[in-house]
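Colleague: Can you walk me through this one? I'd like to start with the helix packing and then move on to the rest.

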Amino acid sequence: MLGTYVTVRAAFVDLGKMNIVLALGIATIKATLVVLYFMHAATVPSAPSWSSSAPSSGWPSCWPLRSPITPRVLTKPSLV
Amino acid sequence: MHRTGDLYGHFQTLEQQKETATLGMWIFLVTEVLFFGGLFLAYTINRSAFSTAFGIGSNTLDITLGAGNTVVLIMSSLTMAMAVWSAQVGKKKWVSIFLIATLVLGTVFLGVKAIEYKQKYDHHLIPGSGFDMRYRSAHPTAADDPKEMALEKEEVEKAFEKDPDINAHSQLYFSLYFGMTGLHALHMIIGAGLLVWLIKGSFAGRFTPQYNTPVEVVGLYWHFVDIVWIYLFPLLYLIDRHR
């Protein structure tokens, strides 16, 4: 919510081309927080540390890798 | 399909079943990223080509309603996360309460979106033959502030001087606005349907610390829809606000 407030306030300040960069930067921070805490990507130790930041920076192919359970599912003996 | 209690026949344990379902949802979300990614790309290309039209189109949106809806959706993500947590720790009553809170907040979001769409209809800003960027400033209502209207009229006229074909180019902005927010709203409606299904299950006491996969999987979907809006809001509502 603080991020939303800052985004709106910053939109009224003339920063040239940096306006869009700042708005999307704050959006990415908000999205990363949602992924890490609400979607629990931060709370499972087996999750690869780099995978949680990749999706919100726009690399869709990394999304499955950020799933906290991916390593465990892929190493299940019954699935091999 | 063979099923013992909550465990389907092709799984060995509830944990394996849960992890498989969760991974399946993450993979589905990847396809959703690709789906919305195409729209975001179309938006980026057109915004770069017709920046004046996109700026003037964006300034017709109600920033208070957009920001308010962002807060509502983030709150709904919080209540959804709380519902998942309540299911995991066995607080059955709280699962229902948080799921209902999520549904209510989701419904508020959709209600506000409907109000915004109605405003655009009233202001002749629906792409098509009746589209007119000058309509609103030429037909102020009693509720409009005359100073603000005069300023808006001046801004529209300046935009027409800069880009004489602004009516056509603004329609591109509004086509993307309705396309992207409409698809997002469709995802919200589907999510609301899933929440009703979960609420029904929670009233029946179906979700326990051992079995809460549906709550967790729908939760992932709901958070994803929240993330899409987090990007839609600045891209659609906050263009050229400083001018």
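**Helix packing, chain contact and core**

Modeller: α3(B) passes α8(B) in a left-handed crossing. Bear in mind that this is a predicted model.

Colleague: At what angle do α3 and α8 of chain B pack, and how many Å apart are their axes?

Modeller: The angle is about 165 degrees, and the axes of helix α3 (residues 63-89) and helix α8 (residues 213-237) of chain B are 9 Å apart. Because angles over 145 degrees count as roughly antiparallel, α3(B) is roughly antiparallel to α8(B).

Colleague: Which residues meet there?

Modeller: From α3(B) they are I63(B), G66(B), T70(B), L73(B), I74(B), S77(B), M80(B), A81(B), A83(B), V84(B) and A87(B). From α8(B) they are V215(B), E216(B), G219(B), W222(B), H223(B), D226(B), W229(B), F233(B) and Y237(B).

Colleague: And by class, what does the contact of α3(B) with α8(B) have?

Modeller: It has 13 nonpolar, 5 polar and 2 charged residues.

Colleague: Switching to the contact between the chains. How many residues does each chain put in?

Modeller: Chain B gives 30 residues and chain A gives 27 residues.

Colleague: Which helices of chain B each supply at least two residues of the side that touches chain A?

Modeller: α1 (14-49), α3 and α8 of chain B do. The largest share is that of α1(B), with 12 residues.

Colleague: How do the residues on that side of chain B divide by class?

Modeller: The side of chain B that touches chain A has 18 nonpolar, 9 polar and 3 charged residues.

Colleague: Now the core. Which residues touch the most other members of the largest nonpolar core?

Modeller: A83(B), V215(B), V228(B) and L232(B), in a core of 66 residues. The largest share of this core, 17 residues, comes from α8(B).

Colleague: What does L232(B) touch, leaving out residues up to four places away in sequence?

Modeller: L232(B) touches M180(B), T181(B) and H184(B) on that count.

Colleague: Last topic, chain A. What is its secondary structure?

Modeller: Chain A has 4 helices and 0 strands, and its pattern along the sequence is α-α-α-α.

Colleague: How much of chain A is buried?

Modeller: Buried residues are 31% of the 80 residues in chain A.

Colleague: And what share of its contacts with a separation of 6 or more is between residues 24 or more positions apart?

Modeller: In chain A that share is 26%.

Notes
Residues numbered from 1 in each chain as written. Chains lettered and ligands numbered in written order. Predicted model: local features only at pLDDT ≥ 70, side-chain atom pairs only at ≥ 80, totals over all residues. Axes fitted to C-alpha atoms, helices over the stretch in contact; angles between N-to-C directions. Parallel < 35°, antiparallel > 145°, perpendicular 65-115°, else oblique. Left-handed = near helix turned anticlockwise from the far one by under 90°. Contact = placed C-beta atoms within 7 Å. Nonpolar A, V, L, I, M, F, W, Y, C, P; charged D, E, K, R; others polar. Core = buried A, V, L, I, M, F, W, Y, C linked by C-beta atoms within 7 Å. Buried ≥ 20, exposed ≤ 12 C-beta atoms within 10 Å, placed from the backbone.
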